[in-house]
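Subject: Structure handover

Hello,

Here is the structure for you to look at. My notes on it follow below.

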Amino acid sequence: MTSLVFAPEQWSNLRTALLADANRETAAALVVVGGNYDGGVRVVVRDIQVAEADDYLERSGNIASLSPRFVAQALKRARLLGGGLVLAHSHPFQQDVHFSSVDDLAQKTLAPSLFARSPGPHGFLVVGPGGFEARLFDEEGKTLFEVDAVQEIGRVVNHIDRRPPDAEPREPFFDRNVRAFGRDGQLLLSQLQIGVVGVGGTGSIVVEELSRLGVGQMLLIDPEIVEETNLNRLIGAAGEDVGQPKVTVAARAASRARSSIVAKGICGSILEEDVGRSLLACAFVFCCTDSHGSRAVLNQLSYQYRLPMIDVGVRIDAKGGVVAAMSTRVQMLAEGLACLNCYPLLDPNAVRRDLMVDPSTDPYIVGTFEPQPAVISINAATSSMAVSMFLSAMVGFPGDARHVVGRPIEGIVRPVKSSPNPSCVVCGPLYALAKGDTWPMIWRPS
């Protein structure tokens, strides 16, 4: 899925500006950076400039011709940021929005000049009362990718597909879901591809719940195979699965929960670049891994590429079969919300160790390399809070909290209010935030 991703309210404000004049086309220049992966691009919008009256050479109900000065200034900004331009305009009279023959000709004419001045990605966007259409093109003006969706990423995720589905939610399977968050919410879930990184104790529960909620596709990532000690908490696994990749078991469990779901598994480490980049095709990601290195990669991936994510954490401290302490945490990672580095929750030495050692090293370790306790009831409660938070962010299911911590022994669950640290190297505006491929990632090169 190729997507065009905006900061909170950016898309809404752009659409309002482009459609403000109901009688004439309106144009804008979007400075963007890319996040490339096999099969598409995640296009991150860095800056938007809506054309003023004196920026047009010609403007009417079916044409908006921009001055070379306006385009040159936008290209300079794109070049300085190491990115490209998406030139946008409105079709104020179109309900079924599509590019015109004039747009096709302009694409072939402009492409060589755009690529000569900045590296790209470059593209066109057209917006009308009935929707949008967008595409990326190469140096010769040939279309490379159609943009499948627009996303506005913050504590609420506004997801708009280019071609909304016409089908009604299948009854009676989704009847009780529809009663909770409506037909539109159910149809939205069917459009989404969700990534789940780590399909063990918490991740396998997330997979089960997303399947039954009606998510259309899932990308499951985990480097491990099933061991006998996993069976006390691994949903969908049985004794005969020992030795099988966890992603194989999880994909099978998803299909058993709902036969129409498309679940793809990657038996690999998120620390590897090609595996990490595969997540850029997703609309949302769950981080269900407990290693500091994998969490650090996912934390930066979320903010650098505007990829909304929820981190799920469970810790049980015990000695000699006696539990001394338990804690849980569910935290959404998105622009405007504090990241894992802001608290900080990540151990730099552990991150460094994880990025250097063999990725098959057991991730359930804390300092002393002692396996930690795991109890399915605690995992299930925490994972369910994470899925409910996802529903709140995506389909408007009630729930304001975006960071929740729990103390199961005391029976306490409370929200945490926090703000991003402006000088944070991950979510701060001067550092990795929304930089895409123009900023170095900490994963291992493939």
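Two strands pair if DSSP finds at least two bridges between them. Helices (H or I, at least four residues) and strands (E, at least two) are DSSP runs, numbered from the N terminus. In this structure, V127 has F132 in β8 as its bridge partner. Strands β7 (residues 122–128) and β8 (residues 131–137) pair in the antiparallel sense over seven bridges.

The model is predicted: local features need pLDDT of at least 70, side-chain atom pairs count only at pLDDT 80 or more, and totals for chains, interfaces and linings use all residues. Residues are numbered from 1 along each chain as its sequence is written, and side-chain values use heavy atoms, with hydrogens and water left out.

The open sheet has nine strands, in the order β9-β8-β7-β6-β2-β3-β1-β10-β11, with mixed pairing. Its edge strands, β9 (143–146) and β11 (158–161), each pair on one side only.

Angles run from 0 to 180 degrees between N-to-C directions, and axes are lines fitted to C-alpha atoms, for helices over the stretch in contact. Helix α2 (residues 68–81) lies across β2 (27–37), β3 (40–50), β6 (84–90) and β7, at about 25° to β2.

Last, S278 is in helix α7 (residues 273–278). Leaving aside neighbours within four places in sequence, S278 is in contact with L219, I221 and I266.

Regards

Technical notes: Contact = heavy atoms within 4.5 Å.
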